[in-house]
Amino acid sequence: MRGALSVARGMLSVMAKKTAQDDPLAPVTLAVGQEDLLLDRAVQEVVAAARAADADTDVRDLAPDQLQPGTLAELTSPSLFSERKVVVVRNAQDLSADTVKDVKAYLDAPAEEITLVLLHAGGAKGKGLLDAARKVGAREVACPKMTKPADRLAFVRGEFRALGRSATPEACQALVDSIGSDLRELASAVSQLTADVEGTIDEAIVGRYYTGRAEASSFTVADRAVEGRAAEALEALRWSLSTGVAPVLITSALAQGVRAIGKLSSARGGRPADLARELGMPPWKIDRVRQQMRGWTPDGVAVALRAVADADAGVKGGGDDPEYALEKAVVAIARAARSRRG
């Protein structure tokens, strides 16, 4: 009997934890990461839930310098009218030591009808506050910076799913290639496409909407380079840099393009679906890379990978001119792409 009671209590504990994590009106929400769009959405979710429960909810959105010692106590003190309140603290890792003490004390005994939202970058700075919030079981929302193209691709797919719409894998990839790394712009593009277009969204539709943007993407630079089209790759590179695309994103795209050529050229023949499973690529990308690899040799792949490594070092501080390092890499890759024809 005791064993059964123990198991039952354990199940209730797990259920309670899950409920707290799923409830935007949990006493404390901890949004951790550096992706501004996701942080803002974490706040908006809590505010929307609070105002659904009470349309007159008072929202206080504070920067670290606005939360002085004693301020939190004033904001969370009992109200004569028992109004619901959401207190948002941005960049909580930058709070002063005295204010952190106030927040930690509050975490031990949060007030009713008040939801505290802490936005924390998640690094070593201010880790004590982060640990304290987790220790008391704060609801946590992950807001990581999306630096990898695969993460941004998954984000776009998730946006379409959240809006109840269907988009082909090629369309999602084309949108990431065209828009770049800004999640706000990606989310806005998905929203625009779903509002304007009926039915499944494909690559042609994305091309019609964002054809001018595609030439400024890091992946366009990479595609033109691995296809041996040096002049077009250099033009796309200069346009990309002039529109603010980070050099490190371009070296990453170049590396992915060359590695894809190397992987596919050394793989056994087969259907795109079989190769996709073997190489960890989507089937549509297998077809694209097959078209791009016609002029490549194993020696050419080796040369191109060295060029990418040199560019990466130049972009990350090993050289005086990141743009020149990228131009040099693009030319070297385009030449390597024509090694078989040469």
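Which residues in H10 meet residues in H16? Val221, Ala225 and Val226 of H10 do so, and their counterparts in H16 are Val330, Ile333, Ala334 and Ala337. The model is predicted.

**The helix pair**
- Two packed helices are described by the angle between their axes and by the distance between those axes.
- Helix H10 covers residues 218-226 and helix H16 covers residues 322-337; they pack at an angle of about 40°, and their axes are 7 Å apart.
- In the contact of H10 with H16, seven residues are nonpolar, with no polar and no charged ones.

**The sheet**
- Five strands form an open sheet in the order E2-E3-E4-E1-E5, and their pairing is parallel.
- At the edges are strand E2 (58-62) and strand E5 (139-143), each of which pairs on one side only.
- From one strand to the next, the twist averages 15°.
- Strand E1 (residues 28-33) pairs with strand E4 (residues 114-120) in the parallel sense, over five bridges.
- Within this pair, Thr29 stands opposite Val117 in E4.

**Helices on the sheet**
- Helix H4 (residues 97-108) packs on the sheet and touches E1 and E4; the direction of H4 makes about 135° with that of E4.
- Helix H5 (residues 127-135) also packs on the sheet, where H5 touches E1, E4 and E5; the direction of H5 makes about 135° with that of E1.

How values were computed:
Residues are numbered from 1 along each chain as its sequence is written. This is a predicted model: local features need pLDDT of at least 70, side-chain atom pairs count only at pLDDT 80 or more; totals for chains, interfaces and linings use all residues. Side-chain values use heavy atoms; hydrogens and water are left out. Two strands pair if DSSP finds at least two bridges between them. Helices (H or I, at least four residues) and strands (E, at least two) are DSSP runs, numbered from the N terminus. Axes are lines fitted to C-alpha atoms, for helices over the stretch in contact, and angles run from 0 to 180 degrees between N-to-C directions. Contact means heavy atoms within 4.5 Å. Ala, Val, Leu, Ile, Met, Phe, Trp, Tyr, Cys and Pro count as nonpolar, Asp, Glu, Lys and Arg as charged, and the others, Gly among them, as polar.
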